[in-house]
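Hi,

Here is the structure I said I would pass on to you.

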Amino acid sequence: MPGQRTGFTTRASCLLAAGGTALACGLLLGIVDLARAGVLALAVPLISSLVVVRSRVRIANRRSIEPARATSGDTVVVQLTMTNRSLIPTGALMLEDQLPPQFSGRARFVLDGLLGRESRTVSYRMPRLPRGRYRTGPLHLRLTDPFHLVDVRRSFTATTEVLITPRIDPLPGDEPPRSIDIGDDAGSHSIGARGADDVSTREYRTGDDLRKIHWRSSARTGVLQVRQEERPWQGQLSLLLDLRLGAHVQEAVEARREDGDERQQSSLEWAISAAASIGTHALVAGRTLDLLCDPTAAAPARMSQASQLAGYLATVQGSSNPNLSPFAGSLRSLSQESTVIAVLGDVDPASLSVLSQVHPRGSSRTAMALLIDSATWHDGPEAYRGSGATARVPSSHVATAAQVLQAAGWQTAIVRCGQPIAQAWRTVSTTDGASSRTVAMLR
């Protein structure tokens, strides 16, 4: 049941005290008119209390939120509908709705008295909310009579929940490449046209499993061939999201948040938004997505719909892991059957070793990485715009990591604060994995 409390105001308390005194004096002194005045003074607050309590019992509250699922930076409106279910009019209503714990204070309203069976709706806009899950309410109601003699406080139990998903930017170009769409394998297989059960062969490459050698085809062509059981019809995509807190810069200059875009303040939020944008781009194209971001999970999170991905990324938190070693096994396994895309913060030597050992099937060019130069988040996007040398030269350790990954067959692009996700995606998805250059990545 909702919490409730009824009490007399200071005005009523004074009136009760005066009425009791007048009644006592009238009876002791035999002054009938004084006693009658005392009775009247006592009756007024008591009758007001009965009326207010009666109307309080019959007040109902219905709440809603629009939209229930919003994107970071969107405006969220909470609507509160108050209904007087009795025939007795109420006095003025003072409403206080509890904001999410991340914000101090409450949303306060003063509502004129409700007539019998009348409903009235009030609404307020919540402050701009960053990515996450929030709860508003419950509503606290304060009801008084027209003479302000009785004060009734009531707390409703209903709350509403809003999910704020990361910002998702539209990306240029077609869907992310499939494992057979890039490099030497492009156009060499027709499995996708005939279905996922067909088996094809290709030329043997160093590192291939010897158990997959197709001896009949090898004898016919004179070149060692291996069986290739691909599933391009399903179009699987693996996305690695680096959530390590030590690999990102969490805060920057407050003045840059005029538009409520937390990506300008946190390289971690930029990485999450980039992962949501790339994943949505792939899922809309009909691909299946495996998301690796939780180092404690036994298996990658399988995503089949864009809304599922956005909801999942709305609540992910930073990780305290020092490196990407927990993902080593999953990366090696997934790289054998899908395109691998990584959104990375500062890459330490141990993480760089894990990523360098990823050998995608068919062609090493099916691995792409966005390397975030998190140091640029200290100075903000303004310092890295324009045509100056400062705007184009990445941090030395980030440039070194890019070179190591390129040598291991990754297509890489270095990202700085203020760079649009669409631009970073265009760079990494159009760069030739065999000849990518730092200058090209920073244009």
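Predicted model: local features only at pLDDT ≥ 70, side-chain atom pairs only at ≥ 80, totals over all residues.

**What I found**

T339 is buried, because its relative accessible area is 0% (buried means under 20% relative accessible area, exposed over 50% and partly exposed in between, with a 1.4 Å probe and protein chains only). T339 sits in strand β17.

Residues are numbered from 1 along each chain as its sequence is written, and side-chain values use heavy atoms, with hydrogens and water left out.

**The whole chain**

The protein chain has eleven helices and 19 strands. Those names come from DSSP runs, numbered from the N terminus: helices are H or I with at least four residues, strands are E with at least two. Of the 443 residues, 49% count as buried. Take the contacts (heavy atoms within 4.5 Å) between residues at least 6 apart in sequence: 71% of them join residues at least 24 apart.

**Helix pairs**

Two packed helices are described by the angle between their axes and the distance between the axes. The axes are lines fitted to C-alpha atoms, for helices over the stretch in contact, and angles run from 0 to 180 degrees between N-to-C directions. Angles under 35 degrees count as roughly parallel, over 145 as roughly antiparallel, 65 to 115 as roughly perpendicular and the rest as oblique.

Let's start with α5 (residues 267-284) and α6 (residues 306-313), which pack at about 165 degrees with their axes 9 Å apart. That is why α5 and α6 are roughly antiparallel to each other. On the α5 side, the contact is made by I272, A275, A276, G279, T280 and L283, and on the α6 side by A306, L309 and L313. Seven of these contact residues are nonpolar, two are polar and none is charged. (Ala, Val, Leu, Ile, Met, Phe, Trp, Tyr, Cys and Pro count as nonpolar, Asp, Glu, Lys and Arg as charged, and the others, Gly among them, as polar.)

α5 also packs against α10 (residues 421-430), at an angle of about 60 degrees and with the axes 10 Å apart. α5 and α10 are therefore oblique to each other. Here W270, S273, A274, S277, I278 and H281 of α5 meet I421, A424 and W425 of α10.

L352, L355 and S356 of α8 touch A401, V404 and L405 of α9. Five of the residues in this contact are nonpolar, one is polar and none is charged.

**A closer look at α8**

Which residues of α8 are buried? They are S351, L352, V354 and L355. These residues cover an arc of only 160 degrees around the axis, so they are on the same side of α8. (The arc is that of the directions from the helix axis to the C-beta atoms.) Among the elements that cover them are β14 (236-241), α7 (328-334), β17 (339-344), α9 and β19 (410-415).

Cheers
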